[in-house]
Amino acid sequence: MYVQLLDLACGALLLTAVLVLWRRELTVIIRMFALQGAALAVLVGVLAAQENSAELWAVAVGVFALRAVVLPYLLRRALAGAGESRRETRPLVNVSASLLAAAVLTLLAYAVSQPLVELAPSAATQAIPVGITVVLIGFFVLVTRRRALSQLVGFLLMDNGITAVGFLATTGVGLVVELGVSLDVLLAVLVLQVLTTRMRETFGDTDLDELRELRD
Amino acid sequence: MSALGVIGGVVQPVLIVAGSPLLVGLMRQVRARLEGRAGAGVGQPWRDLRKLLRKERIAPRGTSEVFRFAPLVLVATTLVVAVVVPFVATESALDPVADLFAVVALLALGAVALALAGLDTGTAFGGMGASREMTILALVEPTLLVAIFALSVRVGSTNLGAIVSSTLHDPARVISPVSLLAAVALIVVIVAETGRIPVDNPSTHLELTMVHEAMVLEHAGPDLALVELASAMRLSVFLGLLANLFVPWGIATEATPLALLIGVLALVVKVGVLGGLLAAGEVFVAKLRLFRVPELLAGSFLLALLAVAASFFLA
């Protein structure tokens, strides 16, 4: 039962990461990100139930509150101010190619995480490739998308992946560390949100490629 | 060759041939009702087939044997698949053919025969339809293979009967990420392969959008009846395969009349429900632009590949 729930949560993490890459509408991307946050919280919850640790339960609740509620809310608010540009219209790599790239990234994640898994094979560590795949897909989103908001989601995807790997590998890195990381992420999102608003006020767009040209 | 396999091999093709036009009728009826129309009734496809079969056989001038044999090849390959794939009974009459690769190859052979017939007519529509169909087919086949392969990894065999019986013995496998990812990939692929919305619209004859219909535009009379029957059979075969790979319960494992009856009923109910859901889903989505179709299929290929990867990661 424990292994199945863990696997299901990992499957949901992977699926939502792929859907972020696949879909163009920013609202759908944000919803997928919220779902991924919930899946991550479930993952931590399953580990907490297995370890029977109150601290992990608290972390699970915190992860849910931050990644499935607060961050999506902030992203949605940033989007509401964006006006007409609701779609990722022309990513640097087209969607079919990026989906195939994600397939390659999955295999890469599987290959590089084998030594890690072999250190202590268990149901949790065997799922580490999933976390690394999410990190790689997040990085891919970060470098190939043009809208500031989808790049932000890519950054958060990476962070979700890193958190997932952390929990799967060590069953929690301690409440204090987790709290610090979470606050860091929250702060980054708040700062970037302000930055996108300023960008739009100055340039009328959040296409980051426009920033390469010098203007008066 | 077991008794169960032989009985299954007789019952399944009869059921598929008789039932598939009814499935198409059911799906049209569901759509009609949801769109606020009365609908032509579930039996309408059979009435259409009867009308077409009574007509005279006409072939366009300049066409060769390829054009004449294509409907027969299409029906024959689909019939073989209907005989061997575990729909009603877990054992197969021709066990070596009930293999993942053999079944996918047989289904592809029928589609290729039809595309060649489309090219053989030499008309613009036939060629365009064939070229589009081949584009979609080339993207669909790898996904189909990989998605079912993900399920066969755990069983250690690509025999469809073995995959179905192992799921029957271990129901917990159905809710694993491997099954879920493979199921989503397979659904997308089946929608594309059987030419339903959002990839193709089976009820349109608009030249910009049609894929399958453009290819069979030159067929008439009994030939057209065979093509329509074969398309309906392919739809039932794919839905039956989907149902039995992921929800195999009810399938007959022993050769008693009661078990076989339950097997038949279970298949009819499962395929009927899947067809109804597919038709209801079609009401809510618009057809995709042809140039967006590769994107959809690349996504489903990725999901299928993830399913295979997950069957190794999360073992």
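Helices, as I use the term here, are DSSP runs of H or I spanning at least four residues. With that settled, let us turn to this predicted model.

I begin with residues 134–154 of chain B. This span is 100% helix and 0% strand, and its end C-alpha atoms lie 32 Å apart. Residues 258–284 of chain B are likewise 100% helix and 0% strand, with 40 Å between the end C-alpha atoms.

As for A:Leu43, beyond residues up to four places away in sequence, A:Leu43 touches A:Leu6, A:Ala9, A:Cys10, A:Ala164 and A:Phe167.

Is B:Gly19 buried or exposed? B:Gly19 sits in helix α1 of chain B, residues 3–34. B:Gly19 counts as buried because 20 C-beta neighbours fall inside 10 Å, and the cut-off for buried is 20 or more. Setting aside neighbours within four places in sequence, B:Gly19 contacts B:Ser236 and B:Val268. B:Leu145, by comparison, is 126 residues from B:Gly19 in sequence and 26 Å from it in space, C-alpha to C-alpha.

Finally, confidence. Chain A has an average pLDDT of 85, and 91% of the residues score at least 70. Within chain A, helix α6, residues 128–144, has the highest mean, at 93, and helix α8, residues 175–203, the lowest, at 80.

How values were computed: Residues numbered from 1 in each chain as written. Chains lettered and ligands numbered in written order. Predicted model: local features only at pLDDT ≥ 70, side-chain atom pairs only at ≥ 80, totals over all residues. Contact = placed C-beta atoms within 7 Å. Helix = DSSP H or I, 4+ residues; strand = E, 2+ residues; numbered from the N terminus. Buried ≥ 20, exposed ≤ 12 C-beta atoms within 10 Å, placed from the backbone. pLDDT = per-residue confidence, 0-100.
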